[in-house]
2 protein chains.
Amino acid sequence: MTTSTEARQGTPSGYRILNEADLRDHLASITAVADELGGPPDRWSITEVGDGNLNLVFIVKGTSGGLAVKQALPYVRLVGESWPLPLSRAHYEHLALTHQGRLAPGLVPAIIHHDPVLALTAMELLEPHIIMRRGLVAGTTYPAFVDHVTTFMARTLFFSSDLALSAAEKKEAIASFAGNHALCKIAEDLIFTDPYRIAEQNRWTAPWLDATAADIRADLDLHVAISRLKLKFLSSAEALIHGDLHTGSIMVTERETRVIDPEFAFYGPMGFDIGAVIANLLMAYLASAGHERTNGEREGFERWVLATVEEVWTEFARKFLALWRGEATGDAYPVSLFPGEAGAARLETERQAYMARLFQDTTGFTAAKIIRRILGLAHNIDFELIEDTRQRATCEARALRLARSLMVDTASFTTIGAVTQAARELRHWEPEF
Amino acid sequence: MTTSTEARQGTPSGYRILNEADLRDHLASITAVADELGGPPDRWSITEVGDGNLNLVFIVKGTSGGLAVKQALPYVRLVGESWPLPLSRAHYEHLALTHQGRLAPGLVPAIIHHDPVLALTAMELLEPHIIMRRGLVAGTTYPAFVDHVTTFMARTLFFSSDLALSAAEKKEAIASFAGNHALCKIAEDLIFTDPYRIAEQNRWTAPWLDATAADIRADLDLHVAISRLKLKFLSSAEALIHGDLHTGSIMVTERETRVIDPEFAFYGPMGFDIGAVIANLLMAYLASAGHERTNGEREGFERWVLATVEEVWTEFARKFLALWRGEATGDAYPVSLFPGEAGAARLETERQAYMARLFQDTTGFTAAKIIRRILGLAHNIDFELIEDTRQRATCEARALRLARSLMVDTASFTTIGAVTQAARELRHWEPEF
């Protein structure tokens, strides 16, 4: 197995970085793609639009339809060839997308074509969807989002866990994603390590947050907490997680939701995905003050965001528990050990206890995802688009204070209501700069 | 990767079950083996001695040396072809043995020859070593055992964990053992499930333990506890564990110790291995009364066993911590997050907390390994050789009572001294039959 994984780390012969003309020729040669687009290939419009950090992304439009085409580069696009990154990530993304599409139909883009040699995937064009984070910055609410994202998480996590799979199926699934470690390593470094120490790539809103960043680099209780979370990320193979489930990986309209970009997928702790969603909503909430033109202008939006945080957890938990009660075909918690009415009641109590443990994990990972976006390499437009740096730093300091509390005092947050209450209390807190 | 794993599940063409004549021809064709044995092949003595449940084991002696040759059968030897078991286990055993031999030299048998097609491994002949369990039944003490077994566990577990490996190395290692799921499944069923429910293969010392077995099948607190341990066994990829580290997998003389038979190896929770050693020592202790000819005859042996239980944990912890302090090259707990004197002190506190968590796991798995040997399919000669069934059941009932307490009240056992004290208190307890 090592051999095939290692082979996948190199650049396969036949791979080449496509320009728009190459891509036109390639797509024209695939019947399914040509049919989807419609009309003669020389009439197709092709535009490279990738604004992510890693890949090329082309929008292709024909006379009858459109496609989004993603090609992996053998390095990090944002940095260049000095930061190589294996093309194999396109393989794992395709694998994860296939899995998610089967389990959560309609909640990920449909795959039209995948070419393993070119590390290229053509997907349905999401129009008029926008990146959810942009909508949140603009103060837009998404009434269908909770239902969609909780269905996505409950189904993809439950059905890849020991509650749904046999141990043999799960071990094979773990192995099939084990080679994606270059992407995992990015998360390990940028989320769980660098923000807590001096690291070249770190940045923050200076000079306002200089003291806070230094405090966090000296906060040993926090370092113990993040190290425990990192260990969980390294060793808890609970479910196939998306691995990067922030609001920049979600495309929305008012009625539709699509989760994209699962190239960080691997078998890890479920709380990492749920925490990613909650963290990014909490950041949208605490960034909101920075986008007000008049005091209180976004109160309705902010109320919606906090209500959404609460519902993300409660709806996720409700759906996950319903799956567990109805479709527990896995090897964990065999029902034969919980016979009769008393057994069923005891198993139900244990299900609640399991969810309480998962909530603790979620709370810790929520905090980790907030801190990395304010003190680490990759930042969010939620905060970045606040032009007044002092105002931006004020919002960020509130989020850091919330995160510190969530990570170190995790056990005191026993309900999602306690989390939103803590966020609400910090909404008007004024840090001393 | 799935493909190579699946291929390994079948019986490869070229595989055949060897009789003594076939084996002689095969071994004669391998220079390293013929040299080790010495003399003409037709003078070698070959005897099949396998008394385990799964494989053929031959003792081969030449004029200058001897070998133990183990060949996997495509089914469970004890049961026959109706219970198929993949030959791939010989591959995983060889992989684990190689890993253990590198990390704990002199504590596993040296490999002389491995044939993947025949699922056959030739190892150094361990003479005059005996299976440790037989020695314990006879009341023999092993003064070097603690040092050896704790070195074996500390080194094999530490160096395969996130404390020593990069995340990439560890993920590759997990994948390389992921195909061994048929063996894992045996543990999942026979240790974590069947003893707690009606199952055809269960047996116990009837009629004396009928009521106790029924109590355990109805004990929902215990069922929750064993289910949590099972989930940990299924999803905690902490280290490459031996997977079957009982006193029947250890060969000893007064001065030497060799750990054999790692065919159940996979990436699982460390506490499972440590708990296996402790459980089997505790069973030797509580079985000892059944092997007395006169009251108190084995007091010295029993004191040694309990002292050994304590030292297995304390020496393991001491050696594991020393490795962590000195050779922490892995991705978990990066020292850069714990700078200076204050950082070093905080990390040391966290190391102790980590060991306390590992001790809790160990305590739970200890209990699981005791219960499966008394109520499940596979029993121990520690108890089985007590001919008076009422006396045997008395010893077993004490062990079950200890195990129930260890598994359900795990948190109240914060030191290994508390575990041995509980065992000591049960040594003279008389169950009501």
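This is a predicted model: local features need pLDDT of at least 70, side-chain atom pairs count only at pLDDT 80 or more; totals for chains, interfaces and linings use all residues.
Reader: Let me start with a pairing: which residue of β3(A) does N55(A) stand opposite?
Author: Residues are numbered from 1 along each chain as its sequence is written, while chains are lettered from A and ligands numbered from 1 in the order in which they are written. β2(A) and β3(A) run antiparallel and are joined by 7 bridges; strands (E, at least two residues) and helices (H or I, at least four) are DSSP runs numbered from the N terminus, and two strands pair if DSSP finds at least two bridges between them. Within that pairing, the residue opposite N55(A) is A72(A).

Reader: And how many residues does the hairpin between β2(A) and β3(A) run through?
Author: β2(A) covers residues 55-61, and β3(A) covers 66-72. The hairpin that joins β2(A) to β3(A) passes through 4 residues.

Reader: In what order do the strands of that open sheet in chain A stand?
Author: Start from the edges: β1 (45-48) and β6 (111-115) of chain A each have a single partner strand, so one side of each is left without a neighbour in the sheet. Further in, β3(A) pairs in the antiparallel sense with β7(A), residues 120-124, over 5 bridges, and A68(A) stands opposite M123(A) there. The 5 strands of this antiparallel sheet follow the order β1-β2-β3-β7-β6.

Reader: What angle does helix α2(A) make with β1(A)?
Author: β1(A) is joined to β2(A) by 4 antiparallel bridges, with S45(A) standing opposite K61(A). Helix α2(A), residues 20-28, packs on the sheet and touches β1, β2 and β3 of chain A; here, contact asks that C-beta atoms, placed from the backbone, lie within 7 Å. Axes are lines fitted to C-alpha atoms, for helices over the stretch in contact, and angles run from 0 to 180 degrees between N-to-C directions.

Reader: Why is β3(A) largely enclosed by the rest of the structure?
Author: A residue is buried if 20 or more other C-beta atoms lie within 10 Å of its own, exposed if 12 or fewer, and partly exposed in between, with C-beta atoms placed from the backbone. β3(A) is largely enclosed because the buried share of its 7 residues is 6.

Reader: Moving to chain B, how many C-beta neighbours does L67(B) have inside 10 Å?
Author: L67(B) lies in strand β3(B), residues 66-72. Leaving out residues up to four places away in sequence, L67(B) touches several residues, including V33(B), L37(B), V60(B) and I112(B). L67(B) counts as buried because its C-beta neighbours inside 10 Å number 23.

Reader: How far apart are the C-alpha centres of the two domains of chain A?
Author: An automatic or database domain assignment supplies the bounds, giving domain 1 (16-124) and domain 2 (130-426) of chain A. In this assignment, 16 residues of domain 1 of chain A are in contact with 20 residues of domain 2 of chain A. Their C-alpha centres are separated by 28 Å.

Reader: Which helix gives the most to the side of chain B that touches chain A?
Author: The contact involves 42 residues of chain B and 42 residues of chain A. On the chain B side, α1 (2-9), α7 (167-177), α8 (181-192), α10 (220-235) and α13 (340-375) each supply at least two residues. The most, 8 residues, comes from α10(B).

Reader: What is the omega of the cis peptide bond from E127(B) to P128(B)?
Author: P128(B) sits in the loop between β7 (120-124) and β8 of chain B. In chain A, the peptide bond from E127(A) to P128(A) is cis too, with omega near 10 degrees. For the bond from E127(B) to P128(B), omega is near 5 degrees.

Definitions and conventions
Two residues are in contact if their C-beta atoms, placed from the backbone, lie within 7 Å.
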